[in-house]
Amino acid sequence: MRLAGMAPAGVAGADDNAAAMPYYIPMKPTSEGVWQGDNPMRFSLPLVILQICLVIAVTRSLAFALRPLRQPRVIAEIIGGVLLGPSALGRSKVFLHNVFPRESLTVLDTLANIGLLFFLFLVGLELDPASLRRTGHRALAIAVVGISFPFSLGVGSSLVVRAAITPDAPRGPLIVFMGVALSITAFPVLARILAELKLLTTELGRMAMSAAAVNDITAWILLALAIALSGSGSPFVSIYVFLSGAAFVGLATLLVRPLLRYMARRSPDGEPVKESFVCGTMAIVLGAGLVTDTIGIHALFGAFVIGVLVPKEGAFAGALTDKIEDLVSSLFLPLYFVSSGLKTNVATISGAKSWGLLVLVITTACVGKIGGTVLTSLLMRVPVREAVALGLMMNTKGLVELIVLNIGRDRNVLNEEAFAIMVLMCLVTTFLTTPAISAVYRPARQQVSYTHRTVERDDADADSELRVLACFHGSRGIPTLINLVEASRGTRRSKLTMYAMHLVELSERSSAISMVQRARRNGMPFSSRRGRKGGAGGEEVQVAFEAFQRLSTVTVKPMTAISDLATIHEDIISSAVHKRAALIVLPFHKMLCHDGTTVASVGRAYHHVNVRVLRKAPCSVAVLVDRALGGMSQVSAPDVSYTVLMLFFGGPDDREALAYAVRMAEHPGIALTVACFTAAAAAAKQPGAADELAAMDEEAIQKHTVPGASVKYEEVVARERQEVASAIKALGKGKNLVVTGRSARAAPLVDKSDCPELGPVGSYLATAEFSATASVLVVQRYDRRSDPSSERAATDEDVEDAMVRAPMPSPAYTPNTASPAEQISPDAGEAGT
């Protein structure tokens with residue numbers, strides 16, 4: 001029987017005298033089953049399946065538990081790995097020998113490193129060398145000092161650690177490994193933390209991300225140097241290793257990069273990437289890993305370099321990310337944290353000396369990184385609070401530091417105690433980053449006072465500028481959005497400004513970081529490169545908005561909101577305040593066919609986003625139910641020819657909808673029909689309602705429905721629900737757009753609706769029963785009672801009314817009692833006056 005090699009150094013249960021331990025028998029891959037008398041846990045395949053399932057269950061449970069603390073998932077994965085190791089569950093020999101026996105660790109480590117290999121390739125995909133050349137002088141200075149200062153302090157700490165607990169460790173490699181570990185900033189982890197704190201697109205967030213990108217590249221260069229120095233041969237061998245690594249980078253740039261560019265050119269947007277290209281790239285990644293491992297650096301270095309060399313423009317990089325990241329990040333990468341956790345024994349940190357060294361290392365890391373960044377920021381005239389926050393951001397640790405520490409452990413540069421101290425330092429510094437930034441830097445919400453929060457205005461302000469914040473999920477709704485805004489521009493002297501906001505969900509996926517970089521680089525909205533929800537790439541979306549602005553008198557200012565869907569409504573609301581928008585246009589969360597049937601849904605999470613915005617909006621809001629207004633392409637201004645139906649039942653929302661519809665009627669290509677349901681409104685009138693409401697409705701009708709070529713007024717005599725529905729269905733035939741108020745004074749036209757945010761009439765218009773081909777615009781007028789910045793607080797009756805009843809005239813909603821959302825600052829667009 002063939003015997004396997006000895007246990008790898010540093011694994012759980014391995015002592016320093018592992019060389020004297022006997023060889024162990026390797027495990028067979030599969031068993032013959034329990035009915036044949038085999039124990040599946042003594043075979044590698046069923047055992048590794050159990051290990052993977054256990055790791056996923058533990059890490060995901062911890063991530064869910066830590067979510068209220070707004071901690072990144074890497075924290076849960078590090079803690080999960082430590083808990084499964086000898087520090088917690090692994091203290092039980094029964095658990096350790098049955099779930100993570102010594103003979104299974106080679107398979108586990110191999111799978112973990114394969115996953116890590118491709119993950120580092122994805123990390124390289126996220127870094128754009130071209131963007132590094134555009135790094136500002138302040139971010140560059142912060143990055144340089146943020147690396148050199150903690151690295152210098154790490155030299156002193158490494159000497160203390162070596163004298164105290166690792167006297168046999170080689171001095172040079174230990175200095176470099178500890179210096180690199182203390183000076184690293186985790187680029188993906190920092191992006192997630194900034195997104196959680198709504199700082200990702202602020203000037204401070206941009207500076208931090210730019211500095212972290214430079215830091216990341218420098219850290220890999222230093223890591224290559226540390227690996228080269230950690231060899232056991234002569235100093236000349238280390239020089240040969242480092243020079244060979246530099247030669248590999250040069251040859252890869254000259255030989256591999258043209259091939260990758262060829263693949264990228266042959267992968268146009270909107271078309272699937274060839275399977276041969278994906279397979280070839282993955283083979284190149286593995287080959288590069290083999291070469292760098294042969295050189296003596298590490299296989300991860302080769303994968304990272306190939307990722308950096310992949311062209312970032314076009315669909316090729318996105319397709320590679322889509323093919324690889326889910327399997328790697330969700331399945332294989334957590335194994336690396338467990339592999340690291342099995343080497344971490346917190347019990348080795350015992351006694352005053354060990355705990356003192358832990359405090360020393362944590363203090364050195366914080367003082368070096370935070371102190372160096374703060375001093376440099378102050379010299380660059382950054383305010384004190386922002387400088388301190390920037391220092392805390394740059395002190396974020398993550399996966400790259402664990403890689404450094406694990407390589408140092410495998411090469412016997414760090415012993416078990418030093419390794420545990422450094423892992424705990426990584427965990428503590430990253431865990432404290434989010435609460436520390438929240439405590440130190442909480443920018444006060446900019447109090448923006450503006451008058452025009454509605455479309456309906458007094459005669460004196462009739463010619464004032466109309467600002468619309470139009471949101472969209474993907475490329476499918478852009479033609480309808482552009483056609484709607486073009487139809488709304490009117491012919492008044494006032495101009496229409498459109499802020500087009502692309503709503504992008506920030507998930508744990510690394511590709512979200514790439515989207516952040518694209519938004520920051522060009523300031524334009526972009527569609528998800530994933531074909532499931534869009535279809536067009538970012539370049540096509542950019543061309544659509546640029547063409548619309550050139551061919552229209554509408555001013556278009558693109559924006560991007562990148563956030564978790566649970567809080568993205570805060571971005572919408574704060575952007576509307578910052579841009580002084582009078583109307584927010586939200587996309588309906590369902591994609592509908594002409595007959596009203598649902599083609600697809602972007603998810604209930606977007607439904608909740610709309611509900612939250614309607615509840616807390618600082619201006620009027622309109623929900624757009626898209627049935628391809630004007631077709632599936634943009635309609636040029638001279639070719640606009642729409643028939644619009646306005647359903648008027650009375651109430652403030654209907655008056656706002658009427659004002660918007662009348663503004664559309666000013667366009668020469670728009671024919672508007674105003675249908676007034678007076679009988680239905682009277683039937684739905686609440687007892688004791690003020691007569692002045694009816695007077696205000698009558699005044700609005702008289703003001704806006706002056707007989708003209710483009711406005712037609714009709715009174716509809718329909719009282720019962722069925723009569724109203726039949727009348728609406730008849731009026732909607734042949735119309736392109738139907739406009740109505742959200743809180744129309746009408747009885748609900750459907751027995752049950754899963755979209756009550758559209759109101760009693762809008763809910764019916766979004767169903768298949770309303771078989772017209774018209775798109776629907778449901779308008780809610782601004783109500784200061786729902787605005788958190790309003791001085792008037794909603795009463796208990798208002799809150800109860802908003803929560804238990806369908807929307808009725810002058811609805812009141814639950815006020816926002818949470819802290820104000822942080823303002824985001826997109827690249828494009830002016831604040832206005």
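1. Both faces of strand β1 are covered: L466, V468, A470 and F472 on one side, and R467, L469 and C471 on the other, are all buried. Buried here means under 20% relative accessible area, with exposed over 50% and partly exposed in between (1.4 Å probe, protein chains only). Strand β1 is thus described as mostly covered, with seven of its seven residues buried. Strands, like helices, are DSSP runs numbered from the N terminus (strands: E, at least two residues; helices: H or I, at least four).

2. The model is predicted: local features need pLDDT of at least 70, side-chain atom pairs count only at pLDDT 80 or more, and totals for chains, interfaces and linings use all residues. Residues are numbered from 1 along each chain as its sequence is written, and side-chain values use heavy atoms, with hydrogens and water left out.

3. Strand β1 has pairing partners in β2 and β4. Two strands pair if DSSP finds at least two bridges between them. With β2, the pairing is parallel and spans seven bridges; F472 stands opposite H502 of that strand. With β4, the strands also run parallel, joined by three bridges, and V468 has L583 as its bridge partner.

4. These strands belong to an open sheet of 10 strands with mixed pairing, in the order β3-β2-β1-β4-β7-β12-β11-β8-β9-β10. The edges are held by β3 (555–563) and β10 (711–715), each of which has a single partner strand, so one side of each is left without a neighbour in the sheet. From one strand to the next, the twist averages 20°.

5. Strand β11 pairs with β8 in the parallel sense over four bridges, and L645 stands opposite V738. Its pairing with β12 is also parallel, over five bridges, where L737 has S775 as its partner.

6. Helix α18 (residues 478–487) lies across β1 (466–472), β2, β4 (583–587), β7 (620–625), β8 (642–648), β9 (670–676), β11 (737–741) and β12 (775–780). The helix runs at about 170° to β1. Angles run from 0 to 180 degrees between N-to-C directions, and axes are lines fitted to C-alpha atoms, for helices over the stretch in contact.

7. Helix α2 (residues 73–84) and helix α17 (residues 416–440) pack at an angle of about 145°, and their axes are 10 Å apart. In α2, I75, I78, I79 and V82 meet V423, C426, L427, T430 and F431 of α17, contact meaning heavy atoms within 4.5 Å. The residues of this contact comprise eight nonpolar, one polar and no charged. Nonpolar covers Ala, Val, Leu, Ile, Met, Phe, Trp, Tyr, Cys and Pro; charged covers Asp, Glu, Lys and Arg; the others, Gly among them, are polar.

8. For the chain as a whole, there are 28 helices and 12 strands. Of its 833 residues, 56% count as buried. Among contacts with a separation of 6 or more, 79% are between residues 24 or more positions apart.
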